[in-house]
Amino acid sequence: AGVRAEDERGPATALAQAVAEHFDRGSALEVAVAIHRGQLDARRLVELPRLVIALAERGDAVAMRILERQADEVVTLALAALRQLTALHLALDVVLGGSVLSACPPAVLARIEAGVHEAAPAATVVLCRSRPVAGAAVAGLRMVGAGEDAIARVRAALDAGITVSVP
């Protein structure tokens with residue numbers, strides 16, 4: 001979107017400058033070229049959702065449209081799974097997870113919920129904010145006989161992003 005804005009194939013967006021600055025380049029096009037040439041590790045692209053979300057929250061229409069497209073894809077995936085399970089009519093939870101969805105503005109989550117409810121009105125859309133490691137940590141603590149208090153402390157620490165050392 002940033003490159004498209006720079007070369008006028010797409011609408012203006014603050015993403016062009018934000019991407020360039022984030023990767024310490026002169027333009028979004030320079031970022032794309034650096035990735036193509038192997039001068040910038042493509043694995044760093046995982047850093048972009050944070051920029052998109054921040055700009056969408058500040059009113060950047062292009063950034064918001066990217067999040068809306070992502071929301072539509074989440075709805076498509078959820079409904080495909082419900083169709084395959086013949087569960088569109090059931091009252092069940094559609095659990096969303098991951099750091100990107102957890103960070104999205106409320107309007108994006110509302111779009112997902114509306115899209116799911118359109119085809120599966122009895123479903124409840126739930127956002128899981130716990131880190132994936134929380135389940136493994138809880139299972140491990142239960143295996144060694146840890147009490148519920150210890151489990152609650154570890155879960156709270158993981159949710160807060162604190163590193164926990166267990167003796």
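The following exercises, each with a worked solution, concern a predicted model.

**Exercise 1.** Determine how helix 5 and helix 7 are oriented relative to each other, and which residues bring them together.

*Solution.* Two packed helices are described by the angle between their axes and the distance between the axes. For helix 5 (61-84) and helix 7 (106-119), the angle is about 30 degrees and the axes lie 9 Å apart. Angles under 35 degrees count as roughly parallel, and helix 5 and helix 7 are therefore roughly parallel to each other. The crossing of helix 5 past helix 7 is right-handed. On the side of helix 5 the contacting residues include Leu 67, Val 75, Ala 78 and Leu 79, while those of helix 7 include Ile 112, Gly 115 and Val 116.

**Exercise 2.** Describe the largest nonpolar core and identify the element that gives the most to it.

*Solution.* This core has 28 residues, and Leu 67, Val 94, Leu 96, Ile 112 and Val 116 are those with the most contacts inside it. At least two residues each come from helix 2, helix 4, helix 5, strand 1 and helix 7, and helix 5 gives the most, with 10 residues. Beyond residues up to four places away in sequence, Val 116 touches Val 75, Ala 78, Leu 79, Val 94, Ala 123 and Val 125.

Technical notes:
Residues are numbered from 1 along each chain as its sequence is written. This is a predicted model: local features need pLDDT of at least 70, side-chain atom pairs count only at pLDDT 80 or more; totals for chains, interfaces and linings use all residues. Side-chain values use heavy atoms; hydrogens and water are left out. A nonpolar core is a set of buried Ala, Val, Leu, Ile, Met, Phe, Trp, Tyr and Cys residues joined through side-chain atoms within 4.5 Å. Buried means under 20% relative accessible area, exposed over 50%, partly exposed in between (1.4 Å probe, protein chains only). Helices (H or I, at least four residues) and strands (E, at least two) are DSSP runs, numbered from the N terminus. Contact means heavy atoms within 4.5 Å. Axes are lines fitted to C-alpha atoms, for helices over the stretch in contact, and angles run from 0 to 180 degrees between N-to-C directions. Angles under 35 degrees count as roughly parallel, over 145 as roughly antiparallel, 65 to 115 as roughly perpendicular and the rest as oblique. A crossing is left-handed if the near helix is turned anticlockwise from the far one by less than a right angle, and right-handed if clockwise.
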